[in-house]
Amino acid sequence: FNVTIGPARNFVGMRIPLAEAKAIARHFGAKLNDVALATCAAAMRRYFVGDKSLFAKPMICAVPASLRAPGDGAHGNLV
């Protein structure tokens, strides 16, 4: 972490049912992107619990986000 990305980096992915994520967003009056960001932030927090030394410098994370207008069915990444 906090170094240039190189070939030794790992990627972890998971799936949450879209209906469940939308229900969470509705419950909190949030957008689907807010649920995705909160999920990623919680995962990072859980990963680093107990090792506060890693927070001596700010950490930078990348999270996918949709910039499409409602109803836009175009394919591809807009970020």
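**View 1. Y47 at the surface of the predicted model.** Y47 has a relative accessibility of 58% and counts as exposed, because the cut-off for exposed is over 50%. The model shown here and in the other views is predicted.

**View 2. The aromatic pair of Y47 and F48.** The structure holds one aromatic pair. Its members are Y47 and F48, arranged edge-to-face, with 4.9 Å centre to centre and 85 degrees between the planes. The geometry counts as edge-to-face because planes over 60 degrees apart fall in that class. F48 has a relative accessibility of 2% and counts as buried, whereas Y47, at 58%, is exposed.

View 3. Helix α2 covers residues 32-48, which is 17 residues. The expected figure is 1.5 Å times one less than the number of residues. G50 follows α2 and has a positive phi, near 90 degrees.

View 4. A25 lies in helix α1, residues 18-28. With a relative accessible area of 5%, A25 is buried, because buried means under 20%. Leaving aside residues up to four places away in sequence, A25 touches A30, K31, L32 and V35. A25 and V35 are 10 residues apart in sequence, and their C-alpha atoms are 6.2 Å apart in space.

**View 5. The chain as a whole.** The secondary structure consists of two helices and zero strands. The chain has 79 residues, and 5% of them are buried. The accessible surface of the chain is about 7300 Å², with 63% of this area belonging to carbon and sulfur atoms. Of the contacts between residues at least 6 apart in sequence, 32% join residues at least 24 apart.

Key:
Residues numbered from 1 in each chain as written. Predicted model: local features only at pLDDT ≥ 70, side-chain atom pairs only at ≥ 80, totals over all residues. Heavy atoms only, no water. Helix = DSSP H or I, 4+ residues; strand = E, 2+ residues; numbered from the N terminus. Buried < 20%, exposed > 50% of the residue type's maximum accessible area, 1.4 Å probe, protein only. Contact = heavy atoms within 4.5 Å. Areas by Shrake-Rupley, 256 points an atom, 1.4 Å probe, with all protein chains shown as cover. Phe/Tyr/Trp six-rings, centres within 6.5 Å; stacked < 30°, edge-to-face > 60°.
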